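Where does the ligand lie, and which residues surround it?

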Amino acid sequence: MRHLMSPLDFSIEELSDLFDLAEDIEKNPAKYAHACDGKKLATCFYEPSTRTRLSFETAMINLGGSVIGFSDAGSSSAAKGESVSDTIRVISCFADICAMRHPKEGAPMVAAEKSSIPVINAGDGGHQHPTQTLTDLLTIRALKGRLNHFTIGLCGDLKFGRTVHSLINALVRYDNIKFIFISPEELRIPDYITDMLKQNSIPYKEVIRLEDTIADLDLLYMTRVQKERFFNEEDYVRLKDFYILDRAKMSLAKEDMLVLHPLPRVNEISVEVDEDKRAAYFKQVQYGVYVRMALILTLLGIRV
Ligand code: CP
């Protein structure tokens with residue numbers, strides 16, 4: 001039995017197979033419509049979500065399976081003090097596979113250790129969000145035709161943004177990737193990530209102004225400031241609108257630069273950018289369904 005806790009749980013070759021499968025699902029949805037007949041997915045979400053939970057549920061329904069779960073810790077027995085370890089033992093009696101989001105780093109890993117069904121980390125605190133990374137990689141591969149030879153700018157809350165941490169971990173395994181980290185001083189990328197880049201001789205630089213670097217980028221990954229991870233409201237209010245990507249800034253960028261965002265967006269991308277052909281963030285959401293379908297099939301060992 002296999003779980004997904006980090007994008008590094010799959011080798012580059014396995015990821016390539018997963019993305020091939022996702023692209024086949026996109027082209028031939030009918031072929032997969034009954035692949036999971038009789039199977040159940042449990043979505044155990046202890047933190048709010050729109051995309052990840054509904055994307056998982058859509059993925060399972062598209063495969064012919066069904067879905068159980070909760071979308072709020074307060075409506076589960078966690079509110080009565082039940083541990084994640086006990087909850088997953090119970091869920092293992094009901095479902096064939098589980099996607100879990102939790103505010104505490106490592107909680108899905110604790111669940112996986114006690115589970116008798118595959119557990120997917122659907123986001124744990126400020127740590128990792130591996131299925132968002134699979135979504136991001138599939139989107140880049142589909143729209144750019146490759147996963148190497150890029151300069152990628154990651155902009156916004158690089159301290160708390162778990163999607164950023166997961167994506168960097170995944171991208172360092174591809175050739176010739178250069179990172180530009182664009183953030184205010186208070187939201188800089190954690191040292192453990194820059195230490196890892198130094199150890200692997202992967203080029204990166206840190207800048208504060210998006211305007212100074214946008215022209216160098218092949219990919220721009222925007223993120224929101226993670227309000228829920230701040231200890232005080234005053235700091236959040238001071239930093240929340242530090243970056244706003246608008247038409248004027250897009251005019252400085254390459255003609256084929258892609259703009260990605262894991263969403264939800266708050267103010268960091270002006271709605272006027274949505275019409276720009278380089279804006280890929282809503283396409284990203286659709287790729288998220290295909291890749292989660294491929295992931296469910298892979299973890300359940302179902303071949304079509
Ligand atoms: N990208 C993402 O994780 O979105 P949700 O929080 O809505 O699931």
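What follows is a description of the domains and of the ligand site.

The model is predicted, with local features requiring pLDDT of at least 70 and side-chain atom pairs pLDDT 80 or more, while totals for chains, interfaces and linings use all residues. Residues are numbered from 1 along each chain as its sequence is written, and side-chain values use heavy atoms, without hydrogens and water.

The domain assignment, automatic or from a database, gives domain 1 (7-128 + 288-300) and domain 2 (131-284). Their centres, taken over C-alpha atoms, are 25 Å apart. In contact (heavy atoms within 4.5 Å) are 32 residues of domain 1 and 23 residues of domain 2.

Both domains give residues to the shell around the ligand, so the ligand lies between them. S49, T50, R51, T52, R101, H129, Q132, P262 and L263 surround the ligand, with a residue counted as near if one of its heavy atoms lies within 4 Å.

Polar contacts are pairs of N or O atoms within 3.5 Å. A backbone N or O atom of T50 is 2.8 Å from a ligand oxygen atom. From the side chains, a polar atom of R51 lies 2.8 Å from an oxygen atom of the ligand, and one of T52 lies 2.7 Å from a ligand oxygen atom. Of the 260 Å² of accessible area that the ligand has on its own, the protein covers 91% (Shrake-Rupley method, 1.4 Å probe).

Methods:
A polar contact is a pair of N or O atoms within 3.5 Å; within protein, one must be able to donate a hydrogen and the other to accept it, and residues adjacent in sequence count only if both atoms are side-chain atoms.
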